[in-house]
Amino acid sequence: MRGPRKQGDSYNTVLTLPARIGFFVVTIHPMNVAVTAVNSIPTLLGQHCTDSPERLRRYEIPERGEPGHARALVVPEDEAEVGALLKTCSEHGIALVVSAGRTGLVEAQRPEGECVLSLEKLDQPIAFTLADGERHQFAAKATPAEHADALGAWWRGQGQPRCEDASIEVQAGLAVDALNQILEPLGLMWPMEMGSSSAASVGGCVANASAGANAVCYGTAAHLALNAYGFSADGREMTCTAPVWKAVAPDQLAINSAQPRIEWGLIGTQGVLGVITRLRLRTYGIPVQREAALIPAIDMPQAMRILAAAREEFGDDVEEFEFISNAALQLVRALKGDAFRSPLARHDAPYYLLLQVKSHKSHVDLAGKLYEFLDDGLGLPEDQIGYAPLKVLKEIRHSITESSNARMRALGGGRLSFDTATPVAVFGEYLAVLEKELVAEYPGISLIAFGHAGVGGAHLHIIGTREQPVSAHARELVKLLFDVTQDFGGTFSAEHGVGTKWGAEFLARAPTVTQEALIAAKHRHDPKGILSPRSFGLNLRSVPASA
Ligand SMILES: Cc1cc2nc3c(=O)[nH]c(=O)nc-3n(C[C@H](O)[C@H](O)[C@H](O)COP(=O)(O)OP(=O)(O)OC[C@H]3O[C@@H](n4cnc5c(N)ncnc54)[C@H](O)[C@@H]3O)c2cc1C
């Protein structure tokens, strides 16, 4: 494997980006840029760049995975500076990885000798625009609470106009929760429902086409963006567009971050073509009512029949349909202890479903409608209708990752974590077969399964023990799991992205046409291969024999 490496006092970036495109092979020849020739990276990149080890440390530790090593850190103050930096880095062959909220789970933000380009200072809203063009310009720098107050005052001053089809323009580093805090006074939201939304940036979510619990209703973050603005890796301005979400047929994959859409430009291509600096986002009305229930299921095929029935009854108002395996629920119980709250008296079902429905009409008896669906529609006995305030149910769902982390630390045998998806039509059968095959091959395996059943997405954690660490069989487990996923027409990366974590899998499993399209786009936008150079296994490709 080749990549940026340190050699004594000099720093060399060595990259090979070969690709077979159509009938010919394009090879970017290895470049070997000695940055020492320009003294140091901070000298070249300017006052917002540092190579002080204390400042770098925070950016060397990814959300998951081993710490890396950063050559330098650069924190631009505005969009133009990002463009200028990219141009300079491209000209001088300085490799970069992008850092925003730092919650990404596929190690794309971890430097291995690259510089870190942090978007943390691009964290302000810019303007809110109504469908008729009336516009509120936000102050240049304020807290989310101050922006929310100013937006609310402006809106009231306008006579509280209707907000359908309103949009908001924001800098890419703004956190999802901060955005929602700003929109709330107008009864609006940007519907990303992830456990990481307090830190995850809107730019990161759009770049990664992140999904989350309510993708079944609103689609991925890519679909929630009207436009993404930014710069190609060689510093040229870009404006990108993605379509609004349309429900996907049950026999098709609804989410697949291993298949980036090149025609969407910077949207969903996970920071390998360029950097998003600003976004114009669709906004959505916060539903007037939301109701939810926890429902036991005997297996995942039954769970998916419940989804189909809920779709019949509530249509597009099914806002979330999550699944939680018994093992996942028990981890949450263990972590919470006496503080564990559940609407169910017993917790012995193999799976639990969190069904959330919404209504934008206040006169509808949504709670009654949901109860009727569970009681008459599904024929559930009273003691299996886990009706409870949304907050209680969300607390269970959002505690799974933390509970899994705690169990992994306690058992001391490491963890393998996966984010797969299959078409909804086969999702139930997929999970049933997968669990059977894993248990047959590795009896006693600890599999924690949960995720976004509404779009066929599964988060799978395999937790090892000190006696049986996962590292002993990691390669075989990954292969088995991804082979079964592939057999069901699924993807090894549903929503978290490919990053460096799944680069080799992308090369091994993504269709040739997908790989070729990505490589061709990479050559167009990043001719020197400086941006996220190890993501998607770009550094692992070998020159074809015929090249
Ligand atoms: C507890 C927890 C729960 C999560 N739940 C979900 C979930 O339900 N669904 C889901 O999809 N993800 C989930 N995630 C993953 C994560 O929150 C998303 O991948 C999110 O998009 C990362 O955003 P970030 O700002 O933190 O990006 P970072 O981690 O800072 O960056 C990761 C990579 O994203 C790319 N990137 C970031 N910003 C930009 C930009 N402006 N331009 C170009 N490229 C960019 C770069 O390649 C970068 O290296 C979860 C993470 C955690 C920790």
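## Basis of the model

The model is predicted, so local features need pLDDT of at least 70 and side-chain atom pairs count only at pLDDT 80 or more, while totals for chains, interfaces and linings use all residues. Residues are numbered from 1 along each chain as its sequence is written, and side-chain values use heavy atoms, with hydrogens and water left out.

## Overall fold

The protein chain has 16 helices and 22 strands. These elements are DSSP runs numbered from the N terminus, with helices being H or I of at least four residues and strands being E of at least two. The radius of gyration is 24 Å, close to the 24 Å from the globule rule for 547 residues, so the chain is as compact as a globular protein of that length. That radius is taken over C-alpha atoms, and the rule is 2.2 Å times the number of residues to the power 0.38. Along the principal axes, the C-alpha atoms fill a box of roughly 75 × 65 × 50 Å.

Of the 547 residues, 56% count as buried; buried means under 20% relative accessible area, exposed over 50%, and partly exposed in between, with a 1.4 Å probe and protein chains only. The accessible surface comes to about 22600 Å², and 50% of it belongs to carbon and sulfur atoms. Accessible areas come from the Shrake-Rupley method with a 1.4 Å probe, and for residues only the protein chains shown count as cover. Among contacts (heavy atoms within 4.5 Å) between residues at least 6 apart in sequence, 74% join residues at least 24 apart.

## Nonpolar cores

A nonpolar core is a set of buried Ala, Val, Leu, Ile, Met, Phe, Trp, Tyr and Cys residues joined through side-chain atoms within 4.5 Å. The largest core has 116 residues, of which F128, W190, L281, F323 and L460 touch the most other members. Helix 8 (residues 300–314) gives the most to this core, with seven residues. A second, separate core of 20 residues includes C49, L96, A233 and I530.

## Helix 2

Helix 2 (residues 53–60) has L56, Y59 and E60 buried. Down the helix axis, its buried residues fall within an arc of 100°, so they line one face of the helix. The arc is that of the directions from the helix axis to the C-beta atoms. Their cover includes strand 4 (49–50), strand 5 (73–74), strand 6 (96–99) and strand 7 (115–118).

Q270 sits in the loop between strand 13 (237–241) and strand 14 (274–282). Its phi is near 60°, a positive value in a residue other than glycine, and Q270 is buried at 8% relative accessible area. S532, in the segment after helix 16 (512–525), has a positive phi near 45° and is buried at 5%.

S210 lies in the loop between helix 6 (202–208) and helix 7 (215–218). With 9% relative accessibility, S210 is buried. Leaving aside neighbours within four places in sequence, the contacts of S210 include M192, M194, T220 and E495.

P287, in the loop between strand 15 (284–285) and strand 16 (289–297), is buried at 8% relative accessibility. Beyond residues up to four places away in sequence, P287 touches M189, Y218, E319, K358, S359 and H360. P287 and K336 are 49 residues apart in sequence and 30 Å apart in space, C-alpha to C-alpha.
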